[in-house]
Amino acid sequence: MIKGRKVAILGAGNVGATIAYTLAVQEVASEIVLIDLNKKKSEGEAMDIIQGARFIAPLKIYSGDYSDAADSDIVIYTLGIARKPGMTRLDLVNTNVGIFKEVVKDVVHYAPDAIHLVVSNPVDILTYAVVKLSGLPAGRVIGSGTLLDTSRLRAILSEQTGKSYVNIHAYVLAEHGDTSFIPWSMASIFGVKAEEYVGQHCAGLGENWKADVLEGVHKAGAKIIANKGATYYAVSMSVCEICKNILADSNTILSVSNLLTGQYGLNEVCLSLPFSVGAQGVSDCLCAKLTSDEEALLNKSADSLKAVCKEIKF
Ligand SMILES: NC(=O)c1ccc[n+]([C@@H]2O[C@H](COP(=O)([O-])OP(=O)(O)OC[C@H]3O[C@@H](n4cnc5c(N)ncnc54)[C@H](O)[C@@H]3O)[C@@H](O)[C@H]2O)c1
């Protein structure tokens with residue numbers, strides 16, 4: 001057994017099971033424990049993956065209890081309820097905060113040294129909840145945040161420009177939800193400002209291009225839920241990417257959610273900014289210069305998340 005790549009996944013539903021599968025086939029973890037109230041489900045998911053073990057790197061995967069999270073390098077939170085068609089992520093807040101209040105202390109008791117990676121929605125509020133309920137250093141509690149939205153943005157821009165997403169450097173920041181925004185001042189295609197590139201090469205996209213792109217990002221999750229009931233593939237790939245960077249101690253800058261401690265003058269809220277991610281979790285923030293309009297959008301998003309957190313008793 002290769003040491004140092006143990007991941008505990010709380011919740012073996014659509015997202016938890018797909019994260020386990022992605023970590024397995026990308027050979028990111030050497031040990032995965034799936035923990036779910038519905039033990040049959042976590043056992044079934046573990047069996048289904050281990051029966052493909054012949055085709056991947058050595059892996060131990062099993063269903064367990066919270067005590068089995070001991071010695072995990074990463075604990076991933078996917079438990080709770082998910083959006084149904086027509087619901088916003090914030091509609092989930094009371095139920096999922098209630099579930100987190102029941103489990104976080106237990107999990108942290110068994111895995112005090114792990115990086116705690118929150119995926120359940122509303123992810124920024126639940127990341128804040130884990131910071132408050134766990135007492136862990138804030139850098140060790142990360143929300144998957146807008147890494148997924150950033151990937152969705154690049155998929156849209158790649159389709160529009162015909163250029164590979166590898167050459168597209170553009171980000172979605174702030175809430176993983178309706179108040180997220182795209183800092184276009186930071187968006188480029190191989191060093192050429194995205195606005196300039198689109199103006200010169202994609203005039204057919206029209207005047208509302210930027211608003212349409214943001215709407216595409218905002219509505220992506222809801223559209224998938226309306227079509228097939230849930231989203232789980234892209235989010236699992238983005239979570240796997242975060243895990244890779246933690247386990248490789250890469251200090252890669254990713255748009256993930258973390259507790260703000262004065263960045264852009266903001267405190268006591270979790271949201272996504274360009275944070276450096278490595279073995280210690282989030283170490284620092286690349287506080288890139290934003291335009292005053294972009295800062296206003298960031299403040300608006302922070303205010304809306306803070307208003308939700310204010311109503312929660314931890
Ligand atoms: N952050 C993102 O980008 C993103 C993307 C997609 C989904 N999500 C969120 O991920 C979460 C999971 O979504 P899903 O589609 O997998 O839902 P799901 O209903 O398929 O799975 C949730 C699982 O959690 C388990 N569970 C519930 N309460 C539990 C408890 N107290 N202890 C242990 N297990 C418990 C359930 O038994 C179930 O198996 C939702 O909150 C959803 O909104 C987040």
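The model is predicted, so local features need pLDDT of at least 70 and side-chain atom pairs count only at pLDDT 80 or more, while totals for chains, interfaces and linings use all residues. Residues are numbered from 1 along each chain as its sequence is written, and side-chain values use heavy atoms, with hydrogens and water left out.

Strand 4 and strand 5 run parallel and are joined by four bridges. Strands here are DSSP runs of E with at least two residues, helices are runs of H or I with at least four, and both are numbered from the N terminus. Two strands pair if DSSP finds at least two bridges between them. Y77 has V118 of strand 5 as its bridge partner. Strand 5 spans residues 115-118, and both of its faces are covered. I115 and L117 are buried on one side, H116 and V118 on the other. Buried means under 20% relative accessible area, exposed means over 50%, and partly exposed lies in between (1.4 Å probe, protein chains only). In a regular strand the side chains alternate between the two faces of the sheet.

H116 belongs to strand 5. H116 counts as buried because its relative accessibility is 0%. Its side chain reaches the backbone oxygen of A111 at 3.1 Å. Such a polar contact is a pair of N or O atoms within 3.5 Å; within protein, one must be able to donate a hydrogen and the other to accept it, and residues adjacent in sequence count only if both atoms are side-chain atoms.

Aromatic rings were examined next. Rings of Phe, Tyr and Trp (its six-membered ring) pair if their centres lie within 6.5 Å; planes under 30 degrees apart count as stacked, over 60 as edge-to-face and the rest as tilted. The count by this rule is three aromatic pairs. One of them is tilted, because the rings of Y77 and F100 have planes at 35°, with centres 5.4 Å apart. This pair links distant parts of the chain. Y77 lies in strand 4 (residues 74-77) and F100 in helix 3 (residues 93-110), 23 residues apart. Y77 is buried at a relative accessible area of 0%. F100 is also buried, at 0%.

The rings of Y232 and Y233 form an edge-to-face pair, because their planes stand at 65°, with centres 4.9 Å apart. Y232 is buried at 19% relative accessible area, whereas Y233 is exposed at 51%. K228 lies over the face of Y232, at 4.0 Å from the ring centre. A charge sits over a ring if NZ of Lys or CZ of Arg is within 6 Å of the ring centre and within 35 degrees of the ring normal. R154 is placed over the face of Y171, at 5.1 Å from the ring centre.

The ligand is surrounded by 23 residues. A residue counts as near if one of its heavy atoms lies within 4 Å. The closest are N14, V15, D36, I81 and V119. A polar side-chain atom of D36 lies 2.6 Å from a ligand oxygen atom. A backbone N or O atom of I81 is 2.8 Å from an oxygen atom of the ligand. For a polar backbone atom of G80, the distance to a ligand oxygen atom is 3.3 Å. The protein covers 86% of the 870 Å² of accessible area that the ligand has on its own. Accessible areas come from the Shrake-Rupley method with a 1.4 Å probe; for residues, only the protein chains shown count as cover.
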